[in-house]
Amino acid sequence: MMPLPELTVRPGVVGDAEALGRLEHERQGTPVRELVERFSTGLPAARNDRLLLVAIVKDEVVGWGQVVHFQPPPEAPANHAPEGWYLSSLLIAQNRRRLGIGATLIQERLAWVSTRASEAYYFANSRNWASIALHKRFAFEELSRDFWFPDVTFPGGGQGVLFRTALP
Ligand SMILES: CC(C)(COP(=O)(O)OP(=O)(O)OC[C@H]1O[C@@H](n2cnc3c(N)ncnc32)[C@H](O)[C@@H]1OP(=O)(O)O)[C@@H](O)C(=O)NCCC(=O)NCCS
(Lines give C-alpha, C1' and ligand atoms only; values in the text may rest on other atoms or scores of the structure.)
Protein backbone atom coordinates (compact mmCIF):
# COMPACT_ATOMS: atom_id res chain seq x y z
CA MET A 1 0.00 0.00 0.00
CA MET A 2 1.48 3.35 -1.07
CA PRO A 3 0.36 6.33 1.02
CA LEU A 4 -0.93 9.24 -1.05
CA PRO A 5 1.96 11.46 -2.17
CA GLU A 6 -0.02 14.60 -1.28
CA LEU A 7 -0.84 13.40 2.26
CA THR A 8 0.54 15.34 5.21
CA VAL A 9 0.02 14.70 8.90
CA ARG A 10 0.42 17.34 11.60
CA PRO A 11 -0.82 18.17 15.10
CA GLY A 12 -4.30 19.67 15.07
CA VAL A 13 -4.81 23.39 15.73
CA VAL A 14 -7.86 25.44 16.72
CA GLY A 15 -8.45 26.30 13.06
CA ASP A 16 -9.13 22.59 12.36
CA ALA A 17 -12.12 22.46 14.72
CA GLU A 18 -14.72 23.21 12.02
CA ALA A 19 -13.41 20.54 9.64
CA LEU A 20 -13.03 17.99 12.43
CA GLY A 21 -16.57 18.70 13.63
CA ARG A 22 -17.95 18.07 10.15
CA LEU A 23 -15.92 14.91 9.74
CA GLU A 24 -16.99 13.54 13.09
CA HIS A 25 -20.63 14.41 12.30
CA GLU A 26 -20.44 11.76 9.53
CA ARG A 27 -19.70 9.11 12.15
CA GLN A 28 -21.75 10.22 15.16
CA GLY A 29 -24.68 12.18 13.81
CA THR A 30 -24.21 14.62 16.74
CA PRO A 31 -24.98 18.20 15.59
CA VAL A 32 -21.98 19.74 13.83
CA ARG A 33 -22.05 22.85 16.10
CA GLU A 34 -21.72 20.78 19.23
CA LEU A 35 -18.81 18.81 17.78
CA VAL A 36 -17.02 21.95 16.55
CA GLU A 37 -17.33 23.46 20.02
CA ARG A 38 -15.89 20.32 21.59
CA PHE A 39 -12.91 20.38 19.23
CA SER A 40 -12.40 24.13 19.75
CA THR A 41 -12.05 23.71 23.50
CA GLY A 42 -9.88 20.57 23.15
CA LEU A 43 -7.34 22.14 20.77
CA PRO A 44 -4.48 23.03 20.45
CA ALA A 45 -3.36 19.47 20.69
CA ALA A 46 0.13 19.88 22.08
CA ARG A 47 -0.14 18.58 25.63
CA ASN A 48 2.04 16.19 27.53
CA ASP A 49 -0.71 13.64 28.03
CA ARG A 50 -2.33 13.80 24.61
CA LEU A 51 -1.62 14.12 20.88
CA LEU A 52 -4.21 14.91 18.24
CA LEU A 53 -3.06 14.47 14.64
CA VAL A 54 -4.91 15.54 11.53
CA ALA A 55 -4.39 14.12 8.04
CA ILE A 56 -4.51 16.65 5.20
CA VAL A 57 -4.88 16.06 1.47
CA LYS A 58 -4.78 19.12 -0.77
CA ASP A 59 -5.62 21.48 2.14
CA GLU A 60 -8.57 19.36 3.20
CA VAL A 61 -8.78 17.63 6.58
CA VAL A 62 -9.52 14.02 5.66
CA GLY A 63 -8.91 12.23 8.93
CA TRP A 64 -7.77 12.44 12.50
CA GLY A 65 -6.60 10.32 15.37
CA GLN A 66 -5.55 10.83 18.96
CA VAL A 67 -3.25 9.41 21.55
CA VAL A 68 -4.36 9.74 25.15
CA HIS A 69 -2.65 8.73 28.35
CA PHE A 70 -4.77 6.65 30.72
CA GLN A 71 -4.09 6.45 34.41
CA PRO A 72 -6.64 4.24 36.17
CA PRO A 73 -8.30 6.19 39.01
CA PRO A 74 -8.06 4.77 42.54
CA GLU A 75 -11.74 3.75 42.46
CA ALA A 76 -11.39 1.81 39.17
CA PRO A 77 -12.70 -1.75 39.18
CA ALA A 78 -10.20 -4.61 39.29
CA ASN A 79 -10.53 -5.31 35.56
CA HIS A 80 -9.52 -1.77 34.57
CA ALA A 81 -7.45 -1.29 31.41
CA PRO A 82 -3.72 -0.90 32.11
CA GLU A 83 -2.05 2.45 32.62
CA GLY A 84 -0.48 3.61 29.39
CA TRP A 85 -0.82 5.31 26.02
CA TYR A 86 -3.94 4.59 23.98
CA LEU A 87 -4.53 5.23 20.29
CA SER A 88 -8.11 6.50 20.04
CA SER A 89 -10.67 8.25 17.85
CA LEU A 90 -9.28 7.22 14.46
CA LEU A 91 -11.57 8.40 11.67
CA ILE A 92 -11.00 8.77 7.93
CA ALA A 93 -13.44 10.57 5.60
CA GLN A 94 -15.57 8.03 3.78
CA ASN A 95 -14.42 9.12 0.32
CA ARG A 96 -10.75 8.81 1.35
CA ARG A 97 -10.66 5.31 2.75
CA ARG A 98 -8.34 2.47 1.66
CA LEU A 99 -5.67 4.94 0.62
CA GLY A 100 -3.31 4.29 3.49
CA ILE A 101 -4.32 7.34 5.54
CA GLY A 102 -5.46 5.35 8.58
CA ALA A 103 -2.21 3.38 8.51
CA THR A 104 -0.18 6.58 8.30
CA LEU A 105 -1.98 8.05 11.31
CA ILE A 106 -1.28 4.87 13.29
CA GLN A 107 2.37 4.87 12.27
CA GLU A 108 2.86 8.52 13.26
CA ARG A 109 1.13 8.10 16.60
CA LEU A 110 3.12 4.97 17.43
CA ALA A 111 6.33 6.83 16.61
CA TRP A 112 5.28 9.54 19.09
CA VAL A 113 4.41 7.00 21.79
CA SER A 114 7.66 5.11 21.24
CA THR A 115 9.60 8.10 22.62
CA ARG A 116 7.58 7.79 25.84
CA ALA A 117 6.84 4.10 26.39
CA SER A 118 7.65 0.63 25.19
CA GLU A 119 4.08 -0.33 24.40
CA ALA A 120 0.82 1.16 23.13
CA TYR A 121 -2.82 0.12 23.50
CA TYR A 122 -6.06 0.54 21.66
CA PHE A 123 -9.51 -0.98 21.84
CA ALA A 124 -12.19 -1.64 19.28
CA ASN A 125 -15.61 -3.13 18.96
CA SER A 126 -15.18 -6.81 18.01
CA ARG A 127 -17.44 -6.09 15.03
CA ASN A 128 -15.14 -3.43 13.67
CA TRP A 129 -13.17 -5.81 11.51
CA ALA A 130 -11.80 -2.98 9.34
CA SER A 131 -10.14 -1.35 12.34
CA ILE A 132 -8.93 -4.69 13.70
CA ALA A 133 -7.43 -5.66 10.31
CA LEU A 134 -5.75 -2.27 10.04
CA HIS A 135 -4.21 -2.37 13.53
CA LYS A 136 -3.07 -5.96 13.06
CA ARG A 137 -0.54 -4.60 10.57
CA PHE A 138 1.13 -2.88 13.52
CA ALA A 139 1.39 -6.09 15.52
CA PHE A 140 -1.43 -5.26 17.94
CA GLU A 141 -2.38 -8.41 19.82
CA GLU A 142 -5.53 -9.09 21.75
CA LEU A 143 -5.15 -8.72 25.52
CA SER A 144 -8.67 -8.96 26.89
CA ARG A 145 -12.40 -8.77 26.24
CA ASP A 146 -13.15 -8.07 29.88
CA PHE A 147 -11.83 -4.64 30.74
CA TRP A 148 -13.05 -1.35 32.13
CA PHE A 149 -12.19 2.03 30.62
CA PRO A 150 -14.02 5.17 31.78
CA ASP A 151 -17.04 6.29 29.71
CA VAL A 152 -16.51 3.63 27.07
CA THR A 153 -19.25 1.23 25.98
CA PHE A 154 -19.48 -0.92 22.89
CA PRO A 155 -22.93 -0.63 21.35
CA GLY A 156 -24.31 -2.64 18.46
CA GLY A 157 -24.01 -6.08 20.02
CA GLY A 158 -20.21 -6.33 19.74
CA GLN A 159 -17.71 -6.79 22.54
CA GLY A 160 -14.91 -4.42 23.44
CA VAL A 161 -11.51 -5.86 22.62
CA LEU A 162 -8.35 -4.46 24.18
CA PHE A 163 -5.12 -4.73 22.16
CA ARG A 164 -1.47 -4.01 22.89
CA THR A 165 1.58 -3.66 20.70
CA ALA A 166 5.23 -3.60 21.75
CA LEU A 167 7.27 -0.64 20.53
CA PRO A 168 10.97 -0.57 19.68
C1 LIG B 1 -10.98 1.82 10.00
C2 LIG B 1 -10.54 3.06 9.21
C3 LIG B 1 -9.89 4.05 10.16
C4 LIG B 1 -9.48 2.61 8.16
O5 LIG B 1 -8.89 3.75 7.57
P6 LIG B 1 -8.27 3.70 6.08
O7 LIG B 1 -7.55 4.95 5.83
O8 LIG B 1 -9.33 3.34 5.12
O9 LIG B 1 -7.26 2.47 6.22
P10 LIG B 1 -5.98 2.19 5.30
O11 LIG B 1 -6.24 2.58 3.91
O12 LIG B 1 -4.78 2.75 5.96
O13 LIG B 1 -5.96 0.58 5.40
C14 LIG B 1 -4.76 -0.14 5.61
C15 LIG B 1 -5.09 -1.61 5.69
O16 LIG B 1 -6.01 -1.89 6.76
C17 LIG B 1 -6.95 -2.91 6.35
N18 LIG B 1 -8.29 -2.31 6.16
C19 LIG B 1 -8.63 -1.01 6.25
N20 LIG B 1 -9.96 -0.86 6.01
C21 LIG B 1 -10.45 -2.10 5.76
C22 LIG B 1 -11.73 -2.57 5.43
N23 LIG B 1 -12.79 -1.76 5.31
N24 LIG B 1 -11.88 -3.89 5.23
C25 LIG B 1 -10.83 -4.74 5.34
N26 LIG B 1 -9.56 -4.34 5.64
C27 LIG B 1 -9.39 -3.02 5.85
C28 LIG B 1 -6.42 -3.41 5.02
O29 LIG B 1 -5.46 -4.41 5.31
C30 LIG B 1 -5.78 -2.17 4.46
O31 LIG B 1 -4.81 -2.43 3.47
P32 LIG B 1 -5.27 -2.56 1.92
O33 LIG B 1 -6.14 -1.37 1.60
O34 LIG B 1 -3.96 -2.56 1.20
O35 LIG B 1 -6.02 -3.85 1.83
C36 LIG B 1 -11.71 3.72 8.43
O37 LIG B 1 -12.42 2.70 7.75
C38 LIG B 1 -12.67 4.49 9.32
O39 LIG B 1 -12.50 5.69 9.54
N40 LIG B 1 -13.69 3.78 9.85
C41 LIG B 1 -14.69 4.38 10.72
C42 LIG B 1 -14.13 4.76 12.07
C43 LIG B 1 -13.49 3.59 12.79
O44 LIG B 1 -13.99 2.48 12.79
N45 LIG B 1 -12.35 3.90 13.46
C46 LIG B 1 -11.62 2.91 14.25
C47 LIG B 1 -12.14 2.86 15.63
S48 LIG B 1 -11.21 1.68 16.63
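Tutor: Some terms first. Ala, Val, Leu, Ile, Met, Phe, Trp, Tyr, Cys and Pro count as nonpolar, Asp, Glu, Lys and Arg as charged, and the others, Gly among them, as polar. This is a predicted model: local features need pLDDT of at least 70, side-chain atom pairs need 80 or more, and totals for chains, interfaces and linings use all residues. Numbering starts from 1 along each chain as its sequence is written.

Student: How do the residues of the shell around the ligand divide into nonpolar, polar and charged?

Tutor: The ligand is surrounded by 18 residues, each with its C-beta atom, placed from the backbone, within 6 Å. Arg97, Gly102, Ala103, Ala130 and Leu134 are the closest. The shell divides into 11 nonpolar, four polar and three charged residues.

Student: Which element gives the largest share of the shell around the ligand?

Tutor: Elements are DSSP runs, numbered from the N terminus: helices (H or I, at least four residues) and strands (E, at least two). Strand S4 (84-92), helix H3 (101-114) and helix H4 (129-136) each give two or more residues to the shell. The largest share is four residues, and its source is H4.

Student: In what order do the elements of the protein run from the N terminus?

Tutor: The protein has four helices and seven strands. From the N terminus, their order is β-α-α-β-β-β-α-β-α-β-β.

Student: What is the radius of gyration of the protein?

Tutor: The radius is taken over C-alpha atoms, and the globule rule is 2.2 Å times the number of residues to the power 0.38. For 168 residues, a compact globule would come near 15 Å. The protein agrees with that, at 16 Å.

Student: Which residues touch the most other members of the largest nonpolar core?

Tutor: A nonpolar core is a set of buried Ala, Val, Leu, Ile, Met, Phe, Trp, Tyr and Cys residues joined through C-beta atoms within 7 Å. Buried means 20 or more other C-beta atoms within 10 Å of a residue's own, exposed 12 or fewer, partly exposed in between; C-beta atoms are placed from the backbone. The core has 33 residues, and those touching the most other members are Trp64, Leu87, Tyr121, Tyr122 and Phe163.

Student: Is serine 89 buried, exposed or partly exposed?

Tutor: Serine 89 sits in strand S4. Its phi is positive, near 65°, though it is not a glycine. Because it has 15 C-beta neighbours inside 10 Å, serine 89 counts as partly exposed.

Student: Is lysine 58 buried or exposed?

Tutor: Lysine 58 lies in the loop between S2 and S3. Its phi is also positive, about 50°. With 9 C-beta neighbours inside 10 Å, lysine 58 counts as exposed.
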